[in-house]
Structure formats: structure tokens, C-alpha cells
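Subject: Structure for your review

Dear colleague,

Please find the sequence and the structure below. My notes on what was found follow directly after them.

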Amino acid sequence: SFPTRRSSDLLRVLWAKRRESQRLATRCSNRINNILLRFGHTFGAVNPMRSDIGAALIEGLIEGGVPDYTGVCPDGLPADVRIVIKDLVTQMQQHGLHVRQAVIASENFVKSREWPTEKGAIPGTNLLTLLHTVPGVGTSSAMTWLAEVLDPRRFQIGRASCRERV
């Protein structure tokens with residue numbers, strides 16, 4: 001079935017959940033890096049907090065160790081600070097999980113419907129495949145486009161009125 005206004009709103013809500021969760025995960029990551037910088041740990045400049053290496057270094061510091069790695073201060077972290085960072089890591093991971101869940105829900109939503117085109121309906125799975133063939137368009141761009149534009153045919157009125165003015 002074609003997406004209706006209601007289903008369009010549902011996709012926008014699902015994708016907004018992803019966007020908000022991503023923003024919150026980034027906020028946690030930035031806070032962790034800020035705290036680590038206060039205690040002389042500069043590895044975040046090369047290894048983001050959410051990278052495998054960054055996560056391993058943070059875990060080592062939380063456990064009270066001092067990983068032997070460039071940008072890790074030999075003083076480690078005070079116990080009270082380790083607790084704060086551990087809580088932020090947990091929050092960051094939860095938000096990351098919500099991001100992944102929202103992406104899956106959005107993709108499943110799109111794949112379960114047919115989408116309008118100038119030449120008729122196209123299954124959502126095929127539409128996503130086509131959108132991914134555009135250079136630089138990944139899941140995020142494709143979902144944002146579908147959530148915001150939905151049916152490009154609705155813009156023909158705008159083109160028609162532009163032609164009338166010329």
C-alpha cells in the first residue's frame with residue numbers, strides 16, 4: 001500500500017527518534033572526552049570515544065588501570081571520576097542502541113510499503129536499493145529524504161507555477 005499522510009508521520013517520528021538518540025550519544029561522548037582532557041588524557045584527539053580503541057582505553061581507565069598508550073596520562077583517573085565516566089559510557093551505549101533500533105524500525109517500515117514514483121509504485125526494498133546507488137547517499141540520507149520528501153510528485157505544482165511565471 002502507498003504511504004499515507006499518517007504513515008509519513010510515522011516514518012518522521014521513527015527517524016526523529018534516531019536523530020535525537022544520536023545527538024544524546026554524541027553529547028555523552030563529548031562529555032567523556034571533556035572530563036578525560038581535564039585529567040590529562042588526550043587520546044580522544046586521535047581515537048574517538050566511540051571507536052574500538054577509544055572504548056578499550058576508557059574501559060581500562062574506568063577499571064583503575066593506566067593503559068600504555070599515547071595520550072593516556074600516567075596518573076589514571078580518580079575513583080570518583082571513574083564512576084562518572086562509567087555512567088556516561090552506559091548512557092552513551094544505551095543511546096547507541098536506540099539509534100540502531102530506530103534505524104532498523106525505519107528500514108523495516110520503508111521496506112514494508114510501496115512508494116510512489118513518476119512511473120508508478122515501487123517496493124520499498126527496491127527504492128532503498130536505488131537510493132543507495134546515488135553517490136554519497138547512505139541509509140541516513142535515504143531515510144531523511146523519504147521522511148521529509150516522501151512523494152516527489154507533490155512538487156510538480158511548484159514547478160508548474162514557476163513555468164507559468166516565466
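A contact, as the word is used throughout this message, means heavy atoms within 4.5 Å. Helices (H or I, at least four residues) and strands (E, at least two) are DSSP runs, numbered from the N terminus. The model is a predicted one, in which local features need pLDDT of at least 70 and side-chain atom pairs count only at pLDDT 80 or more, while totals for chains, interfaces and linings use all residues. Residues are numbered from 1 along each chain as its sequence is written, and side-chain values use heavy atoms, with hydrogens and water left out.

Overall architecture

The protein has 6 helices and 2 strands, arranged along the sequence in the pattern α-α-α-β-β-α-α-α. Of its 166 residues, 36% count as buried; buried means under 20% relative accessible area, exposed over 50%, and partly exposed in between (1.4 Å probe, protein chains only). Among contacts with a separation of 6 or more, 58% join residues 24 or more positions apart.

The nonpolar cores

A nonpolar core is taken here as a set of buried Ala, Val, Leu, Ile, Met, Phe, Trp, Tyr and Cys residues joined through side-chain atoms within 4.5 Å. The largest such core has 18 residues, and those with the most contacts inside it are Ile32, Leu36, Phe43, Ile58 and Ile85. Helices α1 (5-38), α2 (52-62) and α3 (79-111) each supply at least two residues of this core. Apart from it lies another core, of 16 residues, among them Phe109, Trp115, Leu127 and Ala147.

Helix packing

In what follows, axes are lines fitted to C-alpha atoms, for helices over the stretch in contact, and angles run from 0 to 180 degrees between N-to-C directions. Angles under 35 degrees count as roughly parallel, over 145 as roughly antiparallel, 65 to 115 as roughly perpendicular and the rest as oblique. A crossing is left-handed if the near helix is turned anticlockwise from the far one by less than a right angle, and right-handed if clockwise.

The axes of α2 and α3 come within 9 Å and cross at roughly 140 degrees. Ile58, Leu61 and Ile62 of α2 make this contact with Arg82, Ile85, Lys86 and Val89 of α3. The crossing of α2 past α3 is left-handed.

α3 also packs against α5, at an angle of about 55 degrees and with the axes 11 Å apart; α3 is therefore oblique to α5. This crossing, too, is left-handed. On the α3 side, Val103, Ser106, Glu107 and Val110 meet Thr139, Met143 and Leu146 in α5.

Helix α4 (residues 124-132) and α5 pack at an angle of about 120 degrees, with their axes 9 Å apart, and are therefore oblique to each other. Their contact is made by Leu127, Leu128, Leu131 and His132 of α4 and Thr139, Ala142, Met143, Trp145 and Leu146 of α5. The crossing of α4 and α5 is right-handed.

The arc quoted for each helix is that of the directions from the helix axis to the C-beta atoms. In α4 the buried residues are Gly124, Leu127, Leu128 and Leu131. They cover an arc of only 100 degrees around the axis, which puts them on the same side of α4. These residues pack against α3, β1 (114-117), β2 (120-123) and α5.

In helix α5 (residues 139-148), Ala142, Met143, Leu146 and Ala147 are buried. Seen down the axis, they fall within an arc of 125 degrees, so they line one face of α5.

Ala102 is found in helix α3 and is buried, with a relative accessible area of 5%. Not counting residues up to four places away in sequence, Ala102 touches Leu14, Lys17 and Arg18. Ala102 and Trp15 are 87 residues apart in sequence and 6.6 Å apart in space, C-alpha to C-alpha.

Val13, in helix α1, counts as exposed at 54% relative accessibility. Ser29 also has its place in α1, but counts as buried at 9% relative accessibility. Leaving aside neighbours within four places in sequence, Ser29 is in contact with Met49, Arg50 and Met92.

With kind regards
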